Amino acid sequence: MKTILVTGASGGIGRAVAEKFLTEGWAVGLVARREAALADVAQNQPNAHILPCDVTDPRAVDQAFAEFMSATGHLDCLFNNAGIFTPAAPIDEIPVDDWFDAVNVNLTGMFLCARAAFGYMRHQDPQGGRIINNGSVSAHTPREGSATYTTTKHGVTGLTKTLALDGRPFQIAAGQIDIGNAETDMLREIKDRAVAAGDQPPPTMEVSHVSDAVWNMANLPLHANTLFQTIMATQMPYVGRG
């Protein structure tokens, strides 16, 4: 049985991806802070492994990975997905705590989980595996007022490139999926607020397209890799925005 560990699995894109892989028969490690929400995703499925974890805590990350490896014996894929947004503002109005929160989750959390996955993939038999980082269209093109989120997501791009390079001798493939306007609960709230304010809601796409894209990336043989993929609502202003 193939295995994947999904961070941020309690909702949104992480939940959609976890549910996709469970449906396809993979063993899935469900990582997030909210244990009750993870139990709702797992639905008592025997291949679902509930791993409550704060990805900013190095000891908690090591424990979650160790527990999953003890149960499955092998790690085929990490979907490194956990992340947060902070309120948009000009940089001089952004609370410093918002910066620390974004860096801790979006960058340090990504590093800690990639580090743990890389170590297991490097030393397991057969050697190798795949790490898929959730970047963002903001990993390449910012929105106004997004200094915290955009900076951390640019950092994720650097992490992805370095993992891809360092993973070559060990059959570890690393790639990044950059997602724009998937229809999650959070984006539905944004749409509802826009409609209530009389504004045009942002264009969106179904989150199932994202989980299908991650599925396709994860199922490539290790000698092939999608280094970067952008999937987005066609009408969103990504190209040319700034």
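How many salt bridges does the count come to? By the rule used here, which takes a side-chain nitrogen of Lys or Arg within 4 Å of a carboxyl oxygen of Asp or Glu, the count comes to four.

## About the model

You are looking at a predicted model, where local features need pLDDT of at least 70 and side-chain atom pairs count only at pLDDT 80 or more, while totals for chains, interfaces and linings use all residues. Residues are numbered from 1 along each chain as its sequence is written, and side-chain values use heavy atoms, with hydrogens and water left out.

## Arginine 15 and its partner

Let's start with arginine 15, which pairs with aspartate 40 in a salt bridge whose closest N and O atoms are 2.9 Å apart. This pair links distant parts of the chain, 25 residues apart: arginine 15 sits in helix H1 (residues 12–23) and aspartate 40 in helix H2 (residues 35–42). Helices here are DSSP runs of H or I with at least four residues, numbered from the N terminus.

Arginine 15 is partly exposed at 23%, and aspartate 40 is partly exposed at 36%.

## Lysine 20 and its partners

Lysine 20 forms a salt bridge with glutamate 24, with 3.4 Å between the closest N and O atoms. Glutamate 24 has 38% relative accessibility and counts as partly exposed.

Aspartate 212 also forms a salt bridge with lysine 20, at 3.3 Å between the closest N and O atoms. Here helix H7 (residues 207–218), which holds aspartate 212, is linked to lysine 20 in helix H1, 192 residues apart. Aspartate 212 is partly exposed, at 32%.

Definitions and conventions: Helix = DSSP H or I, 4+ residues; strand = E, 2+ residues; numbered from the N terminus. Buried < 20%, exposed > 50% of the residue type's maximum accessible area, 1.4 Å probe, protein only.
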